[in-house]
Amino acid sequence: TMEPKERGAYLAGLVDGMAQSRWVRDKPDASGTQCINDWYYKGGEAVLSRIEQWFKRHSDKPSNALLYVLGKKECGA
């Protein structure tokens, strides 16, 4: 139900939170944080499309948990 601009800001916030959490856990190693940021911010339309499909497929689940699963597949836990 969000407008595209709102959805983009929401997803960016979730991704930034994941990256920050990874940094706190792994510091001083930033490779996990960098992987998460690269996955989302450099992934382009392919990543956004995959996220949208994943959210539609699992509409009964919280979006932060769904995004975590996708990020974990790309960048480990």
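Author: Buried means under 20% relative accessible area, exposed means over 50%, and partly exposed lies in between (1.4 Å probe, protein chains only). The model is predicted, so local features need pLDDT of at least 70 and side-chain atom pairs count only at pLDDT 80 or more, while totals for chains, interfaces and linings use all residues. Residues are numbered from 1 along each chain as its sequence is written, and side-chain values use heavy atoms, with hydrogens and water left out.

Reader: Why is Lys-61 called partly exposed?

Author: Its relative accessibility is 45%. This value falls between the limits of 20% and 50%, so Lys-61 is partly exposed.

Reader: What makes Asp-60 exposed?

Author: Asp-60 has a relative accessible area of 60%, which is over 50% and therefore meets the criterion.

Reader: How do you know that Asp-60 and Lys-61 meet in a salt bridge?

Author: A salt bridge requires a side-chain nitrogen of Lys or Arg within 4 Å of a carboxyl oxygen of Asp or Glu. The N to O distance here is 3.1 Å, so the pair qualifies. By this rule the count comes to six salt bridges.

Reader: What joins Arg-22, Arg-25 and Asp-26 into one network?

Author: Salt bridges that share partners link these residues. The closest N and O atoms are 2.6 Å apart for Asp-26 with Arg-22 and 2.9 Å apart for Asp-26 with Arg-25; both values are within 4 Å, so both pairs are salt bridges.

Reader: Why is Arg-22 called buried?

Author: Its relative accessibility is 13%, which is under 20%, so Arg-22 counts as buried. Arg-25, at 52%, is over 50% and therefore exposed.
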